[in-house]
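Hi there,

Here is the structure I promised to pass on to you. Have a look at it first, and my notes follow right below.

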Amino acid sequence: MRTFLGFLLGGLIAGAIALAIGILAMDQGWVSTREGAAAMGIVFFITPTAALIGAIIGAIVARATRSRQP
């Protein structure tokens, strides 16, 4: 159960961070938003990829820090 929670929490945190950084980078980089391609790239590719990587890392960390019980 702890591994699943680590997976879920890692995915949510990494996805939120990737979305925020993507939006800020797009805003600061003067990217044209006329077609919406940049926003779609962030929402449909970058954010899910970062969420998956974060979820895997969260599950590994949760599994590694699990207390050993007899």
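Trp30 sits in the loop between helix 1 and helix 2. Please keep in mind, here and below, that this is a predicted model. Is Trp30 buried or exposed? Trp30 counts as exposed because its relative accessibility is 79%, and the cut-off for that class is over 50%. The backbone of Trp30 is worth a look too: phi is positive, at about 55°, although the residue is not a glycine. For context, most residues other than glycine have a negative phi.

Gly29 is found in the loop between helix 1 and helix 2 as well. With a relative accessible area of 44%, Gly29 is partly exposed. If you step along the chain by ten residues from Gly29 you reach Ala39, and the C-alpha atoms of these two are separated by 13 Å.

Now to the helices themselves. Helix 1 covers 2–28 and helix 2 covers 37–64. As you know, two packed helices are described by the angle between their axes and the distance between the axes. In this model, helix 1 and helix 2 pack at an angle of about 145°, and their axes are 6 Å apart. Their crossing is right-handed. What kinds of residue make up the contact of helix 1 with helix 2? There are 17 nonpolar residues, nine polar ones and two charged ones.

Ala20 belongs to helix 1 and counts as partly exposed, at 38% relative accessibility. Thr47 is 27 residues from Ala20 along the chain, with 9.3 Å between their C-alpha atoms. Gly11 is also a residue of helix 1. Gly11 is buried because its relative accessible area is 14%, and buried means under 20%. Between Gly11 and Phe44 there are 15 Å from C-alpha to C-alpha, and the two are 33 residues apart in sequence.

Met1, Phe4, Leu5, Phe7, Leu8, Leu12, Leu52, Ile56 and Ile60 make a nonpolar patch of about 950 Å². Which helix gives the most to this patch? That is helix 1, with five residues, while helix 1 and helix 2 each supply at least two.

Ile56 lies in helix 2 and is partly exposed, with a relative accessible area of 43%. Ile60 has its place in helix 2 too. Ile60 counts as exposed because its relative accessibility is 53%, and exposed means over 50%.

If you open the model, I would start with Trp30 and its positive phi, then turn to the right-handed crossing of helix 1 and helix 2, and end on the nonpolar patch with Ile56 and Ile60 among its members.

Happy to hear what you think.

Best wishes

Definitions and conventions
Residues numbered from 1 in each chain as written. Predicted model: local features only at pLDDT ≥ 70, side-chain atom pairs only at ≥ 80, totals over all residues. Heavy atoms only, no water. Patch = residues over 30% accessible without salt bridge, like charges linked within 9 Å, V, L, I, M, F, W, Y side chains within 5 Å. Areas by Shrake-Rupley, 256 points an atom, 1.4 Å probe, with all protein chains shown as cover. Salt bridge = Lys/Arg side-chain N within 4 Å of Asp/Glu carboxyl O. Helix = DSSP H or I, 4+ residues; strand = E, 2+ residues; numbered from the N terminus. Buried < 20%, exposed > 50% of the residue type's maximum accessible area, 1.4 Å probe, protein only. Axes fitted to C-alpha atoms, helices over the stretch in contact; angles between N-to-C directions. Left-handed = near helix turned anticlockwise from the far one by under 90°. Nonpolar A, V, L, I, M, F, W, Y, C, P; charged D, E, K, R; others polar.
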